[in-house]
Amino acid sequence: MTVPEWLPIRDDLRPYEPYGAPQLDVPVQLNVNENPYGPSKATADDIAESLRVVATDLNRYPDREAWALRTALASYLGHGLGPEAVWAANGSNEVMQQILQAFGGPGRTAASFTPTYSMYPEYARNTHTRWVTGRRAEDFTFDVDAALALIAAEQPDVVLLASPNNPTGESLTLDAVRAICEAAPGIVVLDEAYAEFRRPDTPTALSVLGDYPRLIVTRTMSKAFAFAGGRLGYLAADPAIVDALRIVRLPYHLSAVTQTVALAALRHADEMLARVADLRETRDETARWLHEQGFDVVDSDANFVLFGTFEDRHAVWQGILDHGVLIRETGPDGWLRVSVGTPEEMAAFRDALVATLETLPTRQAATQEKA
Ligand SMILES: *Cc1c(COP(=O)(O)O)cnc(C)c1O
């Protein structure tokens, strides 16, 4: 797709294509880190009933401040947070864009460390924020010294850090979070989209929120909470930050339908999260199996596993797809990412990968020589 010549689109947007993880209708979908376990009948019934109630009120605008929802999210997060310290929007993608609208913009700089979430540069581009990146270490762990050097040199207005990181799966230590917060001159965003999947001894940045008024922790109901279709992301931060985001948000940005459905889902939080332990176990089994097959595998605190390396990862991705399993061609060259599904879906993935590698000329041709 190219933008037609006659279309007066902003010059800086002309070279781009819309965000596009392929949405293909195949039996096994392991490409966008969704929770494979949908809500139970009881939860789905409660959601449907709440919709029936709100349906009679749809002539009215929703609560602009989404106060009831923010109260429920605050109590879900714990850590002594109240609704004034929580903000919600249509997915954490919208939360993040609002952050850059309020704290980035022309003449301002945002920074991150690659490989990381592919959407960050797009929020920066959309808000005319200058975008700079540092690198993670060779093994994809977060290189604190390199990060501090970049922050000292660039003085970014916003630092974006995913923990656990996507697509690698590694979490930041609290020491690293503290070091960044102390060095950064502006806002620090800890994107904890996968927080509920982290291994038991891994801390959340919520525990240091009180020490750093310019720290924002973002979360989402899309991943562990099994609510990707509901589009609900949120953050915890100092109430002054929340008030700044209220300036740039569109009026009534969260529909009555979204607020109602998210509240109903939160009433069933225990059930929505019931399979997270199973998914962690399946993740670790998947990583172990890939390792046994001789692949490089990154330790993951999330619901996906990055593995490689392949000389022609596209051929491997396509071969797996031809067996009815969709995974993600993303991240550093030569690597592929598989989301954690049900045990049956993971068995289909393993079979598809083995069959694909058998059809490629030789295994050696597919996997790069180790340095
Ligand atoms: C999936 C994901 C999100 C969440 O996006 P939503 O808009 O809330 O669905 C945020 N950050 C990262 C790193 C992700 O992988």
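A residue counts as near a molecule if one of its heavy atoms lies within 4 Å of that molecule. The legends below describe close-up views of a predicted model.

**View 1. Residues around the ligand.** In this predicted model, the shell around the ligand consists of G91, S92, N93, Y117, N166, D191, A193, Y194, T220, S222, K223 and R231. By residue type, the shell holds three nonpolar, six polar and three charged residues. Helix α3, which spans residues 91-103, supplies three residues, the largest share of the shell. The ligand sits in the largest pocket.

View 2. Which part of S92, backbone or side chain, has an N or O atom 2.7 Å from an oxygen atom of the ligand? The atom belongs to the backbone of S92. For N93, an N or O atom of the side chain is 2.8 Å from a ligand oxygen atom. For S222, an N or O atom of the side chain lies 2.7 Å from an oxygen atom of the ligand. Taken on its own, the ligand has 390 Å² of accessible area, and the protein covers 94% of this. The distances at S92, N93 and S222 each count as polar contacts, because a pair of N or O atoms within 3.5 Å is given that name.

**View 3. An open sheet of three strands.** The strands follow the order β9-β10-β12, and their pairing is antiparallel. Strands β9 (296-297) and β12 (336-339) form the edges, each pairing on one side only. Strand β10 covers residues 304-308 and is joined to β9 by two bridges. These two strands, β9 and β10, run antiparallel. Across from V297 stands F307, a residue of β10.

View 4. The peptide bond leading from S163 to P164 is cis, and its omega angle is near -5 degrees. The peptide bond that joins N166 and P167 is cis as well, with omega about 15 degrees.

**View 5. A positive phi angle at H79.** Where does H79 lie? H79 is placed in the loop between helix α2 (67-77) and strand β2 (86-89). The phi angle of H79 is near 55 degrees, a positive value in a residue that is not glycine.

How values were computed. Residues are numbered from 1 along each chain as its sequence is written. This is a predicted model: local features need pLDDT of at least 70, side-chain atom pairs count only at pLDDT 80 or more; totals for chains, interfaces and linings use all residues. Side-chain values use heavy atoms; hydrogens and water are left out. A polar contact is a pair of N or O atoms within 3.5 Å; within protein, one must be able to donate a hydrogen and the other to accept it, and residues adjacent in sequence count only if both atoms are side-chain atoms. Accessible areas come from the Shrake-Rupley method with a 1.4 Å probe; for residues, only the protein chains shown count as cover. On a 1 Å grid over the protein atoms alone, a cavity is a set of points where a 1.4 Å probe fits but cannot get out, and a pocket is an open set with protein on both sides within 12 Å along at least five of seven lines; lining residues have an atom within 4 Å of a point. A molecule sits in a cavity or pocket if more than half of its atoms lie within 2 Å of its grid points. Helices (H or I, at least four residues) and strands (E, at least two) are DSSP runs, numbered from the N terminus. Ala, Val, Leu, Ile, Met, Phe, Trp, Tyr, Cys and Pro count as nonpolar, Asp, Glu, Lys and Arg as charged, and the others, Gly among them, as polar. Two strands pair if DSSP finds at least two bridges between them.
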